[in-house]
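Colleague: I am new to this one. Could you walk me through how to read it?

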Amino acid sequence: MEKSLIEMKERGAPFEFVSIGKIVGVLLLFCLLPPVVYSQQNISGKFTHGIASGDPDQFSVVLWTRFVPAKEEMNELSYEVSESRDFSQIKASGKVKSLGENNFCIKLIARELKPGTTYFYRFLQGDLISPIGRTKTLPLEVEKLRIGVVNCAKYTGGYYHAYDALAKLEDVDVVIHLGDYIYENGPSTPKSSYWAAYLATGRQHDPPRECLTLEDYRTRYAQYRSDSSLQKLHANFPMIPIWDDHEIAMKRHKQNGEGRKVPNPTWEKRRDNSIKAYHEWLPLRPEPFEEIYRSFQFGNLLNLLMLDTRVCCRSLVDKTEASLNDTSRHIIGNKQLRWIKEEVKENDAVWNVFGNQILISLKGRGWERWQGFPHDRERFLKFVEENPERNFLFTTGNAHNPHHYIVFSEAGTDTLLHEILPGSISSGNNAEKARFDPVILNKEDKRLKSAENVRWYHQNSHGFIVLDISQRELVAQWHFVSTIWEKKYETSIPYTLKIHSKRPHK
């Protein structure tokens with residue numbers, strides 16, 4: 001299958017062509033402007049960040065909103081769920097409270113719903129009514145599904161046109177987010193590859209520093225959730241999220257005066273802050289500090305398993321050859337691997353799709369990816385090879401460029417597993433990181449073309465994947481947006497993958 005060539009599209013002025021005068025002017029302007037603190041604006045008595053739903057099952061779904069009371073007695077709200085947008089018949093309702101201890105974020109589980117049903121929901125406080133959201137419960141029986149797959153949305157990278165384009169699609173049952181929903185980094189600077197994006201869009205991080213405290217993380221989520229395209233996506237479809245490394249503090253070590261890595265004494269507190277904020281702002285069921293890996297059953301058609309390769313079970317990265325032979329080092333751990341096997345065997349679905357943060361295919365040295373933890377990788381792939389009729393597919397985040405990889409069988413002759421990466425919503429792709437330098441991009445182009453396990457890739461794009469799943473086949477389509485640095489955009493579908501079921505069709 002032919003691989004894509006580098007497309008050198010103009011996407012605003014690359015950094016090297018921006019005048020020094022303009023850079024100085026923008027820096028002065030940025031320094032003089034007061035920072036906008038999105039979670040502390042004069043927004044009391046309002047629904048501040050839209051609504052959202054997530055983690056559906058057959059009879060319930062998580063609903064979310066944020067309401068800042070103007071006075072304490074306004075902290076009680078009601079919610080309504082209906083099968084019609086006019087709420088003529090209420091199917092579920094109840095009371096909830098908006099509390100400062102949760103950053104005024106409200107999460108609840110709407111229960112006693114019907115399977116495979118589209119619902120509308122809203123929140124009310126006196127005469128104030130939230131935007132209306134649309135969600136859907138999981139089916140008991142289903143012949144086809146449509147799932148959106150997204151990851152890596154850096155606010156400072158550009159506009160969220162890919163979220164907007166996905167929100168406009170019809171018949172999407174659920175969106176899975178593979179992580180890097182927010183980024184903890186500080187502001188873009190002239191030395192950063194994101195500086196050109198800032199000059200084109202004016203999008204900078206709030207707070208204007210790396211997130212450390214709970215209030216830092218809350219402010220950052222409030223900024224990201226202020227984006228209208230992300231709000232539209234949440235309003236239209238339920239989301240099933242999993243975290244990657246930028247939501248959760250991953251820097252467990254720091255360098256001492258001798259340049260050696262030593263434990264960072266502030267890491268645990270920062271990790272706890274990031275986890276609490278994540279659970280406040282995302283519509284997922286697990287409580288903070290519970291295991292976040294979980295599964296979702298779409299009748300007998302799909303078993304969706306969202307993995308945690310970052311927090312619960314992962315050993316520290318050890319870039320030594322000796323570490324590769326250490327069977328005590330894990331990326332998913334014994335407990336999570338047992339859970340995977342049990343879920344696959346107990347839920348007799350035609351397809352088993354994984355939401356996964358980091359590459360399981362082989363690439364370079366790969367110390368931080370699955371190949372850096374070969375004991376877990378080999379055990380998992382052995383299970384896949386022993387159960388071909390289970391139809392496994394890996395959807396993988398973290399990387400900012402779209403790819404289609406294959407994992408070969410142990411004999412090296414057959415395709416054991418397809419691994420698909422949507423590329424980023426707005427985080428810097430290869431072209432942007434290289435400041436569109438053709439020498440750098442051509443070198444990577446040659447490497448990818450020569451990689452036997454790479455079936456397709458693209459170095460200068462942003463977008464998402466749509467999975468259309470039926471009993472006989474799974475179709476993955478990559479959707480691209482033409483720009484993230486300009487307000488207007490167009491969409492295209494550059495690549496389609498069709499996988500036929502290995503299970504005999506009844």
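**Reading the model**

Modeller: Start with Arg435, which sits in the loop between helix H9 (430-433) and helix H10 (438-450). Helices (H or I, at least four residues) and strands (E, at least two) are DSSP runs, numbered from the N terminus. This is a predicted model: local features need pLDDT of at least 70, side-chain atom pairs count only at pLDDT 80 or more, and totals for chains, interfaces and linings use all residues. Residues are numbered from 1 along each chain as its sequence is written, and side-chain values use heavy atoms, with hydrogens and water left out.

Colleague: Is Arg435 buried or exposed, or partly exposed?

Modeller: Buried means under 20% relative accessible area, exposed over 50%, partly exposed in between (1.4 Å probe, protein chains only). Arg435 has a relative accessible area of 24%, so it is partly exposed. Its phi is positive, about 50°, although Arg435 is not a glycine.

Colleague: Where does Phe87 lie?

Modeller: Phe87 is in the loop between strand E3 (76-82) and strand E4 (90-97). Phe87 also has a positive phi, about 55°, and is not a glycine. Its relative accessibility is 7%, so Phe87 counts as buried.

Colleague: Which residues does a cis peptide bond join?

Modeller: Asp206 and Pro207, with omega about 0°. Pro207 belongs to the loop between helix H3 (195-201) and helix H4 (214-225).

Colleague: What does the side chain of Thr65 reach?

Modeller: Think of polar contacts. A polar contact is a pair of N or O atoms within 3.5 Å; within protein, one must be able to donate a hydrogen and the other to accept it, and residues adjacent in sequence count only if both atoms are side-chain atoms. Here the side chain of Thr65 reaches the backbone oxygen of Gly50 at 2.9 Å. Thr65 is part of strand E2 (residues 61-68). It is buried because its relative accessible area is 0%.

Colleague: Which residues does Thr65 touch?

Modeller: Contact means heavy atoms within 4.5 Å. Leaving out residues up to four places away in sequence, Thr65 touches residues including Phe47, Gly50, Phe104 and Phe123.

Colleague: How many residues has the largest nonpolar core?

Modeller: A nonpolar core is a set of buried Ala, Val, Leu, Ile, Met, Phe, Trp, Tyr and Cys residues joined through side-chain atoms within 4.5 Å. The largest has 85 residues. Leu302, Leu467 and Trp478 are among those with the most contacts inside it. A second, separate core has 24 residues, including Ile332 and Phe383.
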